[in-house]
Amino acid sequence: MSVLTLRRPGVIPGFGITLGFTLLYLSLIVLIPLSATFFKSTQLGWDSFWATVTAPRVVASYRLSFGAAFLAAAVNLVFGLLVAWVLVRYRFPGRRLIDALVDLPFALPTAVAGIALTALYAPNGWIGQYLEPLGLKVAFTPTGVLVALIFIGLPFVVRTVQPVLQELKPEIEEAAASLGASRRQTFFRVLLPSLWPALLTGFALAFARALGEYGSVIFIAGNMPMVSEITPLLIITKLEQYDYAGATAIAVAMLVISFLLLLIINLLQWWGRRRHR
Amino acid sequence: MSIIIENVNKHFGGFHALQDVDLNIPTGELVALLGPSGCGKTSLLRIIAGLERPDTGSIRFNGEDATRQHVRERGVGFVFQHYALFHHMTVFDNVAFGLTVRPKAERPGKEEIREKVRELLRLVQLEFVADRYPNQLSGGQRQRIALARALAVEPKVLLLDEPFGALDANVRKELRRWLRRLHDEIHVTSVFVTHDQEEAMEVSSQIVVMNKGRIEQVGAPDEVYERPATAFVSRFLGSVNLFHGRVHSGWAHIGDLKAPAPEGAGLVSGAAAVVHLRPHEIDLATEPAGSIGVARVSSILTVGPMIRIELEREGEGREDGPVEVELTRERYLQAPLALGDRVFIRPRNLRVFAGT
Amino acid sequence: MNPTVSPTLNEPVWFRRLLIGVGLAFLGLFLVLPLAAVLTEALRQGLGAYLNALHEPVALAAIKLTLIAAFIAVPLNLVFGVCAAWAIAKFEFRGKSLLITLIDLPFSVSPVIAGLIYVLIFGAQGWFGQWLFEHDVKIIFAVPGIVLATIFVTFPFVARELIPVMEEQGTAEEEAALTLGASGWQTFWRVTLPNIKWGLLYGVILCNARAMGEFGAVSVVSGHIRGETNTLPLHVEILYNEYNFVAAFACASLLALLALVTLAAKSFVEWRGQEQRATVPHLIPAAAPST
């Protein structure tokens with residue numbers, strides 16, 4: 001019964017004013033401005049809207065943005081799990097430092113990341129010069145986009161999986177072992193299933209972030225239309241040509257996709273919480 | 001300070017937590033609100049405190065209406081179930097908090113506050129922890145500090161929510177006695193919530209038994225134990241064996257036994273009646289005279305000074321399950337039993353209630 | 001506390017080393033190398049050139065604008081975060097989870113779109129464009145636009161840090177303060193705030209890092225007027241596109257330094273917060289109440 005009463009603290013002051021301010025601020029900064037895009041795009045009419053968002057150059061940019069974001073998130077899924085595992089399970093010198101460093105992509109301004117990665121992967125760069133003779137071009141190609149997106153999505157999987165891994169009780173593994181499971185079986189049949197919600201959440205977060213990313217990509221991408229031009233850049237290009245309606249149309253297409261992703265992320269998190277009851 | 005609660009109702013969403021509650025708490029009493037979880041006792045306590053507002057009804061302190069009064073002005077001391085100590089403050093600052101948040105004009109001087117806190121810590125016998133933080137205290141110590149903090153504002157009423165709930169058995173026993181003594185010393189009207197009937201019996205001067213948002217009975221501990229007003233109270237205050245029967249012209253008939261049916265209580269002729277028999281209020285006889293039923297001994301256990309005997313009923317009432325009997329060792333040794341013995345259940349004392 | 005599996009169950013040493021090696025190589029490639037590249041490139045022509053690049057008046061103006069934007073955006077989002085967390089964590093109401101989702105919304109919007117929406121409203125062709133022009137108020141391609149875009153992209157940081165912290169803390173201590181006669185403000189300042197300070201600081205650190213480092217959103221609304229509407233990240237871009245690599249990386253190194261300071265501060269706050277939480281067993285009995 002304390003559950004019933006505890007959550008209903010009738011006497012705590014400030015509900016009206018804090019909720020009121022929250023809603024006002026949220027509306028002014030986020031909701032009303034965002035809805036402006038939808039209003040603006042209705043001016044265009046359905047046919048020209050559709051023509052804009054399905055123009056070949058735009059479709060090519062979707063392919064790149066989605067493809068690279070998906071691949072980057074997949075790479076981060078694998079390596080994020082590995083890094084989280086290593087950080088939680090093993091002890092080695094410098095572990096805490098590295099743990100702190102994982103958040104670098106959150107803290108490092110994207111423009112800095114962009115020029116740094118370009119400096120590394122340009123044909124004359126630190127890494128690029130060794131790849132060049134092998135016929136591998138990274139900077140100024142779609143591969144460069146992938147590299148930038150791996151960088152900015154790196155912390156997501158690590159940070160969603162880490163706490164779950166930390167909470168997993170050793171008894172579970174010991175129980176599996178006592179029932180005759182090998183280490184491999186324990187990992188794939190006991191540990192991995194309980195990590196799935198966190199892994200997928202991290203994946204979806206990294207994917208969503210990569211999809212909208214701009215700063216780190218434009219330096220390394222080369223920005224060739226139809227080849228290495230990401231969707232956010234197209235929006236900017238249209239804006240610079242004063243094609244507001246066109247820019248808005250593409251923005252709306254991206255927003256719809258982002259909201260769908262957000263919905264999926266919420267469902268995943270809800271799933272994860274339910275599993276952990 | 002007396003507390004009068006009149007016609008209080010409280011809903012939480014669709015849940016009717018308190019239904020038409022009337023209660024009169026005289027000055028200086030130490031009252032237990034006793035009941036199972038979800039019975040509304042904590043809600044009632046929080047309404048008295050002003051932490052919750054009733055949907056209907058009123059709360060009066062010393063005859064003055066306090067229903068609309070904010071918890072801040074009500075002058076109650078509230079001890080929370082998990083103490084709710086401010087864990088970023090030392091014990092001293094915790095106890096002093098209520099004094100230091102007063103408006104400048106009413107705030108006592110620094111030295112005065114220090115003296116007062118010291119005095120309170122002496123009262124709860126924890127002077128030596130003044131500079132510690134709550135997380136450096138044991139559960140029992142935290143409990144006493146929570147009490148000292150509540151007392152610092154010189155409350156007119158002291159309210160305690162499951163004050164011993166989170167403590168282990170030994171500490172709990174000690175603190176109960178201590179609370180009783182403390183109350184004798186300071187005599188402030190106090191109400192505490194508990195689901196433990198033993199605790200209520202041991203500590204309080206009045207027990208309010210609650211069930212499903214209603215008050216079932218109010219009385220001194222002996223009274224509610226010896227003369228439970230309802231079947232619920234009887235069952236909640238201790239284990240009972242049930243026997244079913246019917247009422248005929250003022251008498252309840254159970255097996256061969258006739259017992260006077262209490263008036264009122266809906267025990268008209270033809271109504272179903274249920275008899276409650278406590279395990280220690282049963283004699284086992286070899287003769288049927290005055291017995292309520294017959295049974296066979298199915299287990300005999302020695303539990304400290306008591307012998308606990310379980311009986312398998314024969315004939316009617318089998319579906320009511322086995323009958324539990326408790327005999328003192330001396331009494332048992334006067335007529336020892338063996339497994340499978342056939343015995344007659346003879347009540348020394350019984351209570352008749354309406355219903356099944 | 002970390003779960004340690006009994007050594008008999010653990011992976012063999014070689015396998016552990018392999019995993020550690022692969023993990024470190026991955027992090028080295030993607031985190032350490034870019035960081036090293038920034039510093040090396042910045043110092044390529046020596047310390048003198050490096051310092052000169054930072055002393056440029058336009059660079060200083062960019063630093064100033066970056067600080068101004070953060071100085072406005074962070075406190076505003078701080079106040080918002082505290083309000084939102086208070087309303088959400090201390091009260092029950094309908095539509096709460098929707099509200100939480102909406103607060104997180106700016107995270108899933110591309111920074112470019114974050115800039116675009118303000119152009120649509122305040123730009124020359126926007127809803128208020130005409131009115132603003134007539135009253136000679138500049139928002140887009142001016143400082144207010146940059147501040148707005150910065151507020152948008154850093155909007156959720158403080159709130160989303162505080163909501164779980166406050167939810168975990170429940171309401172018992174606030175209620176205790178109220179029964180002891182404290183006013184709403186006293187309760188907030190003396191009980192709630194000390195309890196959430198680490199979470200709050202954590203949110204502020206992240207919020208600030210993003211505010212100072214934002215590129216995409218600001219880029220859309222800035223207009224790139226040198227010395228006027230260029231923040232430091234935008235200035236980096238301009239220098240880079242002009243092939244002035246040393247200056248670009250010099251400015252970038254300042255931002256990288258900011259990132260490292262952020263990480264250090266964040267780790268410190270995490271550590272302190274954990275310490276505080278670890279020594280707060282008031283959470284333990286929370287499992288017991290519904291008797």
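So, the contact between chains C and B: chain C puts in 25 residues and chain B puts in 27. Keep in mind that this is a predicted model.

The partners are C:Glu175 and B:Arg46, with the closest N and O atoms 2.7 Å apart. On polar contacts, the count between chain C and chain B is seven residue pairs, both residues at pLDDT 80 or more. If you're looking at chain C's side of this, two helices to pick out are α9 (172-179) and α10 (184-213), each supplying at least two of the residues that touch chain B. The largest share of that side comes from α9(C), with seven residues.

Okay, on to salt bridges in general. The general idea is that side chains of opposite charge can pair when their charged atoms come close. Over all chains, the count comes to 34 salt bridges. I'll go through a few of them.

Start in chain A, with A:Arg159 and A:Asp99, whose side chains meet in a salt bridge at 2.9 Å, N to O. A:Arg159 sits in helix α9 (residues 142-167) of chain A and A:Asp99 in helix α5 (residues 95-101) of chain A, so this pair ties together parts that are 60 residues apart in sequence.

Now chain B. B:Arg176 forms a salt bridge with B:Asp196, and the closest N and O atoms are 3.3 Å apart. This pair also links distant parts of its chain: B:Arg176 is in helix α6 (residues 169-186) of chain B, while B:Asp196 is in the loop between β8 (189-194) and α7 (197-203) of chain B, 20 residues apart. Burial is worth a look here. B:Arg176 has a relative accessible area of 4%, so it is buried. B:Asp196 comes in at 17%, and since the cut-off for buried is under 20%, B:Asp196 counts as buried too.

That pair also belongs to a network of salt bridges, which links B:Arg172, B:Arg176, B:Asp196, B:Glu198, B:Glu199 and B:Glu202.

One more from chain B: B:Asp283 with B:Arg331, closest N and O atoms 2.9 Å apart. B:Arg331 is partly exposed, at 37% relative accessible area.

Last thing, the surface. There's a nonpolar patch made of A:Leu24, A:Leu28, A:Ile32, A:Phe39, C:Trp127, C:Phe128, C:Trp131 and C:Val137, and together they have about 830 Å² of accessible area. Which helix gives the most to the patch? That's helix α2 (residues 15-42) of chain A, with four residues. One residue in helix α2 of chain A is A:Ile32, and A:Ile32 is partly exposed, at 39% relative accessible area.

How values were computed
Residues are numbered from 1 along each chain as its sequence is written. Chains are lettered from A and ligands numbered from 1 in the order in which they are written. This is a predicted model: local features need pLDDT of at least 70, side-chain atom pairs count only at pLDDT 80 or more; totals for chains, interfaces and linings use all residues. Side-chain values use heavy atoms; hydrogens and water are left out. Patches are made of residues with over 30% relative accessible area and no salt bridge: like charges are joined within 9 Å, nonpolar side chains (Val, Leu, Ile, Met, Phe, Trp, Tyr) within 5 Å. Accessible areas come from the Shrake-Rupley method with a 1.4 Å probe; for residues, only the protein chains shown count as cover. A salt bridge is a side-chain nitrogen of Lys or Arg within 4 Å of a carboxyl oxygen of Asp or Glu. Buried means under 20% relative accessible area, exposed over 50%, partly exposed in between (1.4 Å probe, protein chains only). Contact means heavy atoms within 4.5 Å. A polar contact is a pair of N or O atoms within 3.5 Å; within protein, one must be able to donate a hydrogen and the other to accept it, and residues adjacent in sequence count only if both atoms are side-chain atoms.
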